[in-house]
Amino acid sequence: MYIVQRALTFARGFLLSYGPTKIKKALWDKEFSGNKWNFIDDTASDCVYAHLEKHARGGDILDLGCGPGNTANELAESAYTTYLGVDISESALAKGMRRTNENGRADKNSFVCSDFLSYMPTRKFDVILFRESMYHIPYGSVMELLNKYSKYLKSNGVFIVRLYTGDFQTGEIKLRVKKKMDLIKSKFDVVELSKYDKPGSPMVLVFRPGQ
Ligand SMILES: C[S@@+](CC[C@H](N)C(=O)[O-])C[C@H]1O[C@@H](n2cnc3c(N)ncnc32)[C@H](O)[C@@H]1O
């Protein structure tokens, strides 16, 4: 049973990173149309918000893999002017839009359904955020993707990556996550690196392209 479970978890992870867009979308839509992700509905005390408030400087945010609209609705409204969330799952976005309307933020928040590997922004941002979504970028595509999105950062704009770096049960550092973070640290100018002493060892990395 344990081996079957491990094999299924591996297959899911593989498809969510390397699968064609249609398959990834179908898998995420299935997960978000059920209860699986309801546990992330309230993340108002998350460590990423202080970093976002500081670096958005009241400006424009692009959130890649935005999910059901946590950042769009939990970040202080005064911390930004516009927010654009991109996600592959229409079910997740439907929730994000519903919450946005309920919170009266429809004039600030907008959403686009797309695979962030192929999405092309049409304007520039102060912050480009990957919050718990960097896991789903294949290691070999990380640099290509960040170089593409670098063109859509305003001068002084930053990327912010928020990730759980450790196993929730054992506390062991996840090597695949560490490898991606090490790559980014070696190729970009690191502005801030914050590690939080909480279950799953969340980390927030703020960086920008070198001059
Ligand atoms: C763990 S959830 C995090 C959601 C949100 N960022 C948060 O922290 O509350 C990962 C999100 O990334 C999205 N995602 C994964 N791969 C994607 C891709 N290739 N393009 C766009 N969105 C993607 C999923 O649909 C999901 O909403």
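This is a predicted model: local features need pLDDT of at least 70, side-chain atom pairs count only at pLDDT 80 or more; totals for chains, interfaces and linings use all residues.
Q: Where is Lys-151 found?
A: Lys-151 is in the loop between α6 and β5. Those labels are numbered from the N terminus and come from DSSP runs: helices are H or I, at least four residues, and strands are E, at least two.

Q: How far is Lys-151 from Pro-209 in space?
A: Their C-alpha atoms are 9.5 Å apart. Along the sequence, Lys-151 and Pro-209 are 58 residues apart.

Q: Another pair, then. How far apart are the C-alpha atoms of Phe-111 and Leu-84?
A: They are separated by 5.5 Å. Along the chain, Phe-111 and Leu-84 are 27 residues apart.

Q: Which strand holds Phe-111?
A: Phe-111 lies in β3, residues 109–113. Phe-111 is also buried, because its relative accessible area is 15%.

Q: Let's go to β5. Which residue there has a positive phi?
A: Asn-156 does, at about 75°, although it is not a glycine. Asn-156 sits in β5, which covers residues 153–164.

Q: How exposed are Asn-156 and Glu-132?
A: Asn-156 counts as exposed, because its relative accessibility is 53%. Glu-132 is partly exposed, with a relative accessible area of 23%.

Q: How many bridges join β5 to β7?
A: Six bridges join β5 to β7, and these strands run antiparallel. Strands pair if DSSP finds at least two bridges between them.

Q: And how many bridges join β6 to β7?
A: Six bridges join β6 to β7. β6 spans residues 189–195 and runs antiparallel to β7.

Q: Which residue of β7 is the bridge partner of Leu-163?
A: Met-203 in β7 is the partner of Leu-163. Met-203 is also the bridge partner of Lys-195.

Q: What about the hairpin of β6 and β7?
A: There are six residues between the two strands. In this hairpin, Gly-200 takes a positive phi near 85°.

Q: Why is β7 largely enclosed by the rest of the structure?
A: Six of the seven residues of β7 are buried, so β7 is largely enclosed.

Q: New topic: rings. How many aromatic pairs are there?
A: A search of the whole structure finds 14 aromatic pairs. One of them is Trp-37 with Phe-39, which is stacked, at 5.6 Å centre to centre and 25° between the planes.

Q: What counts as a pair?
A: Rings of Phe, Tyr and Trp (its six-membered ring) pair if their centres lie within 6.5 Å; planes under 30 degrees apart are stacked, over 60 edge-to-face and the rest tilted.

Q: Phe-39: buried or exposed?
A: Phe-39 counts as exposed, because its relative accessibility is 63%.

Q: How are Tyr-80 and Tyr-83 arranged?
A: That pair is edge-to-face, because the planes are at 65° and the ring centres are 6.4 Å apart. Tyr-80 is buried at 2% relative accessible area, and Tyr-83 is buried at 1%.

Q: Which residues form one aromatic cluster?
A: Trp-28, Phe-32, Trp-37 and Phe-39 form one aromatic cluster.

Q: Last thing. Which lysine lies over the face of Tyr-80?
A: Lys-108 does, at 4.5 Å from the ring centre. A charge sits over a ring if NZ of Lys or CZ of Arg is within 6 Å of the ring centre and within 35 degrees of the ring normal.

Q: And over the ring of Tyr-139?
A: The charged end of Lys-179 sits over the ring of Tyr-139, 4.2 Å from its centre.

Methods: Residues are numbered from 1 along each chain as its sequence is written. Side-chain values use heavy atoms; hydrogens and water are left out. Buried means under 20% relative accessible area, exposed over 50%, partly exposed in between (1.4 Å probe, protein chains only).
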